[in-house]
Amino acid sequence: MNQYYLKKKKAIFFICLSFLFVVSSSFFSVKKVNKKPLFVVVVDAGHGGYDVGNECSDLKKFNQEKDIVLPVALELGGYLENLLENVKVIYTRKDDTFVSLEKRTEIANEASADLFVSIHANHNPNKNIHGCQVHIHNHDIKFSKIFAKKLMSQLSERAKRKVLKLQTTNSRGHNLFVLQNTKMPAVLVEIGFMSNPREEVYLNSEYGQAILASAIFRAVREYREVVQ
Ligand SMILES: [Zn+2]
């Protein structure tokens, strides 16, 4: 009797072991197949240092543009690094330092980045104007446009922001240096108008910054699915 149970136990043990082996090997092989190639994103926080960007309405209450876009950029980079596999984030600045436009494009081009995302905040003499706005170099840059469209949807759906019309070199009537000189798909996103009183509060809030970073992150994640 004892021998019989021992044999039975042994048999069960080996069945379990081989089952585990099959499950784990198929799990790892599936993972291997799904492993994505490296995806390099340049996260560009606009302005910095003596270049404050757009000025706020009240320095006692709010930040200048350079200090609004930096936390959004850092948060975006954090999401990309922590939530996506095999992604390399390159920041053009991680603190309050001045970086020239030439240097920003050089960083992106030297890294042969897959995507360049420049983050800014807008200003208009008309205080009623509000919303996010996405800029690309030209409509015919196919992948910039694909990302821009995804970004606009996420800003609207995830962040619940008003989203203004996509801007290209033609509709703007002028070039934007970082978009003109980067060799990869590139967008510049104005995350809102500091000149609109309600939007200025939102842009300075931790909540607003986190949701905006999350919306941009989701657009990058979706875009990567299309190109890789
Ligand atoms: Zn700016």
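**Close-up 1. Helix α2 crosses helix α8 in a right-handed manner.** In this predicted model, local features need pLDDT of at least 70 and side-chain atom pairs 80 or more, while totals for chains, interfaces and linings use all residues. Residues are numbered from 1 along each chain as its sequence is written, and side-chain values use heavy atoms, without hydrogens or water. α2 spans residues 65-83. The axes of α2 and α8 lie 8 Å apart, at an angle of about 45°. From α2, Ile68, Pro71, Val72, Glu75, Leu76, Tyr79, Leu80 and Leu83 take part. They meet Gln209, Ala210, Ala213, Ser214, Ile216, Phe217 and Val220 of α8 (contact: heavy atoms within 4.5 Å). This contact has 12 nonpolar, two polar and one charged residue.

**Close-up 2. Helix α4 packs on helix α8.** α4 covers residues 142-157 and α8 covers residues 206-227. Their axes are 8 Å apart, and the angle is about 140°. That makes α4 oblique to α8. The crossing is right-handed. Among the contact residues are Phe143, Ile146 and Phe147 of α4, with Leu212, Ala215 and Tyr223 of α8. By class, 13 are nonpolar, one is polar and three are charged.

**Close-up 3. The largest pocket holds about 200 Å³ of space.** A pocket is an open set of points on a 1 Å grid where a 1.4 Å probe fits, with protein on both sides within 12 Å along at least five of seven lines; lining residues have an atom within 4 Å of a point. Of 15 lining residues, His47, Leu101, His120, Val178 and Leu188 are closest to the centre. α3 (101-110), α6 (177-181) and β5 (186-193) each supply at least two lining residues (helices have at least four residues, strands at least two). The lining has seven nonpolar, four polar and four charged residues.

Key:
Axes fitted to C-alpha atoms, helices over the stretch in contact; angles between N-to-C directions. Parallel < 35°, antiparallel > 145°, perpendicular 65-115°, else oblique. Left-handed = near helix turned anticlockwise from the far one by under 90°. Nonpolar A, V, L, I, M, F, W, Y, C, P; charged D, E, K, R; others polar. Points joined across faces, edges and corners; volume = space filled by probe spheres on them.
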